[in-house]
Amino acid sequence: MKTTDTSPPADLPPAADPAAKATVTKTDAPPEKASATGGVLNVFSHGVLVIWAFLVAMPLLWAVMTSFKDDRSIFTSPWALPDRLHFENWSRAWTQAHMSDYFLNTILVVAGSLVGTLLLGSMAAYVLARFEFPGNRFIYYLFVGGMSFPIILALVPLFYVMNNLGLLNSIHGLILVYIAYSLPFTVFFLTSFFRTLPSSVAEAALIDGASHTRTFFQVMLPMAKPGLISVGIFNFLGQWNQYLLPTVLNTDPDRKVLSQGLVQLAVSQGYKGDWSGLFAGLVMAMLPVLAAYIIFQRQVVAGLTAGALK
């Protein structure tokens, strides 16, 4: 008797088999649970960033808005927009509160100390990073230890040293103190950065007859530009907002810096309460810092990540 074979043909493609098709579909499907978890984490991280940005930006915006109000509006409607822009607050703070003098003194001190810090710090960091000599690591760790030394412990001896040298109440004396205060972090930061730079370029310059000084200033220092910008921004922020050192070492009213000027403006009000002028002076002191960071924010990030990318 002839029987009928009901099995599928041997040449049937595997995709035609329903069981195989179901298996392939089940394997290639993306895991919905992992996708949902990633979406929740993404929403949570974005929410935290939004809250953080709000907490940071709101005080700044409120201070700028308040600087254009009159004193009555500051207390009666602190969160409302100003009825009109009171630019006289800024002119009064600039002239009558002597913010112009404080601003000029701060620019002189910070500019001189920033140039000196970057120059001396880069030279010391280059030697510590590129040359091996007895005491190299000891000197490096001295700079590192200087970062952990509280400046408040050195105020009394520093005052007597500055007094004996005749540097109290002077712009150049404050510049020297700022340089010494900022050198440990600058050397620590730039030493690690100089170690990431290629040695072949410096060796080629020396073979061509360049001295160590010329190699440093014309070859290695331009290559370290991202690191210099990054550490320069950090030093600028710290020196611009410095209050403790100038309060102790700079008591001359004609040579006070911005941080001292703002405190003097708040104290000298007494019962008069020129709050609009105080907020105007506060925004004046804040704007250069914001401008510096906005202009150089890409260079700061590039300098911080340069060592990891090399």
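**Chat about a pocket, a helix pair and some rings**

Colleague: What volume does the largest pocket have?

Modeller: The largest pocket has a volume of about 440 Å³. A pocket here is an open set of points on a 1 Å grid over the protein atoms alone, where a 1.4 Å probe fits, with protein on both sides within 12 Å along at least five of seven lines. This is a predicted model, where local features need pLDDT of at least 70 and side-chain atom pairs count only at pLDDT 80 or more, while totals for chains, interfaces and linings use all residues. Residues are numbered from 1 along each chain as its sequence is written, and side-chain values use heavy atoms, leaving out hydrogens and water.

Colleague: Which residues lie nearest its centre?

Modeller: Ile151, Ala180, Tyr181, Ser182 and Pro184, out of 17 lining residues, meaning those with an atom within 4 Å of a point. α6 (136–147), α8 (171–196) and α11 (225–240) each give two or more residues to the lining, and α8 has the largest share, with seven.

Colleague: How many of the lining residues are nonpolar, polar or charged?

Modeller: Twelve are nonpolar, five polar and none charged.

Colleague: Switching to helices, at what angle do α5 and α11 cross?

Modeller: Roughly 140°, with the axes of α5 (residues 99–130) and α11 coming within 10 Å. Phe103, Val110 and Leu114 are among the α5 residues in that contact, and Leu228, Phe236 and Trp240 among those from α11; contact means heavy atoms within 4.5 Å.

Colleague: And how many aromatic pairs are there?

Modeller: The whole structure has 17, counting rings with centres within 6.5 Å. One of them, Phe75 with Trp275, is edge-to-face at 6.3 Å centre to centre, with 80° between the planes; planes over 60 degrees apart count as edge-to-face.

Colleague: Which helices hold those two?

Modeller: Phe75 lies in α3 (residues 71–76) and Trp275 in α14 (residues 275–309), so the pair ties together parts 200 residues apart in sequence.

Technical notes
Points joined across faces, edges and corners; volume = space filled by probe spheres on them. Helix = DSSP H or I, 4+ residues; strand = E, 2+ residues; numbered from the N terminus. Nonpolar A, V, L, I, M, F, W, Y, C, P; charged D, E, K, R; others polar. Axes fitted to C-alpha atoms, helices over the stretch in contact; angles between N-to-C directions. Phe/Tyr/Trp six-rings, centres within 6.5 Å; stacked < 30°, edge-to-face > 60°.
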